[in-house]
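Biologist: I have a model on screen and some questions about its side chains. Can you take me through them?

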Amino acid sequence: MGPDGIHLRVLRELAEVLTEPLPIIYQQSWQTGEVPADWHLANVTPIHKKGQKDDLENFSPVSLTLVPGKVMEQIILSASMRCMKDAQVIRPSQHGFIGHRSCLTNLIFLYDKVTCLVDEGKAVDVVYRDFSNVFDTVSHRILLEKLAAHDLDGSTLCWVKNWLQGRA
């Protein structure tokens, strides 16, 4: 449950009723760039990653936010990703944060490329880097500048800016 105390099951049961007001709220939020303050609220829960459970270093904080806010984030993400793919900003070789792609698909792609080059008698050097925490330190200003440079529409940019400011 998020900070509103509403269980996801309740929202699913009310889906038919919510299909009228939620799109209006989403459209209004997107057009004005205003992100409802409640969408920034979160219950932070520690999730065990690995190792001893008595060591706090072995836990990651996970923020449980309101479902309507998560849905809006997915709408904005889908529109942004579609724009970036159409503008060919995201290359086919991109694996991180892309649907149906992962570290495993990246490794398979790399392995296939390297074996082809070795079979052709070519030398291969590989530098592999783990960027798993890259978004913990990404500059919001630079991210917004990059999105604007690739023609993401003004309403979406404004919404993303306000969403990011609410998370800071």
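Predicted model: local features only at pLDDT ≥ 70, side-chain atom pairs only at ≥ 80, totals over all residues.

Modeller: Residues are numbered from 1 along each chain as its sequence is written, and side-chain values use heavy atoms, with hydrogens and water left out.

Biologist: How many salt bridges does the structure hold?

Modeller: A salt bridge is a side-chain nitrogen of Lys or Arg within 4 Å of a carboxyl oxygen of Asp or Glu. Lys 122 pairs with Glu 120 at 3.3 Å, N to O. Arg 141 pairs with Glu 145 at 2.8 Å, N to O. The count is two.

Biologist: Which helix holds both Arg 141 and Glu 145?

Modeller: Helices are DSSP runs of H or I, at least four residues, and strands are runs of E, at least two, numbered from the N terminus. Arg 141 and Glu 145 sit four residues apart, about one turn of the helix. Both belong to residues 140–149, which is helix 6.

Biologist: Is Glu 120 buried or exposed?

Modeller: Buried means under 20% relative accessible area, exposed over 50%, and partly exposed in between (1.4 Å probe, protein chains only). Glu 120 has 51% relative accessibility, so it counts as exposed.

Biologist: Is Asn 58 buried or exposed?

Modeller: Asn 58 lies in the loop between strand 1 (42–48) and strand 2 (59–65). Beyond its neighbours within four places in sequence, its contacts (heavy atoms within 4.5 Å) include Ile 47, His 48 and Gly 51. Its relative accessibility is 11%, so Asn 58 is buried.

Biologist: Which residue has its backbone oxygen 2.8 Å from the side chain of Asn 58?

Modeller: The Asn 58 side chain also has a polar atom 3.4 Å from the backbone oxygen of Lys 50. The 2.8 Å distance goes to the backbone oxygen of Gln 52.

Biologist: What accessible area does the nonpolar patch with Leu 14 have?

Modeller: Leu 14 lies in the loop between helix 1 (8–13) and helix 2 (15–18). Patches take residues with over 30% relative accessible area and no salt bridge, joining like charges within 9 Å and nonpolar side chains (Val, Leu, Ile, Met, Phe, Trp, Tyr) within 5 Å. Areas come from the Shrake-Rupley method with a 1.4 Å probe; for residues, only the protein chains shown count as cover. Together, Ile 6, Val 10, Leu 14 and Val 17 have about 310 Å².

Technical notes
Polar contact = N/O pair within 3.5 Å; in protein donor to acceptor, adjacent residues only side chain to side chain.
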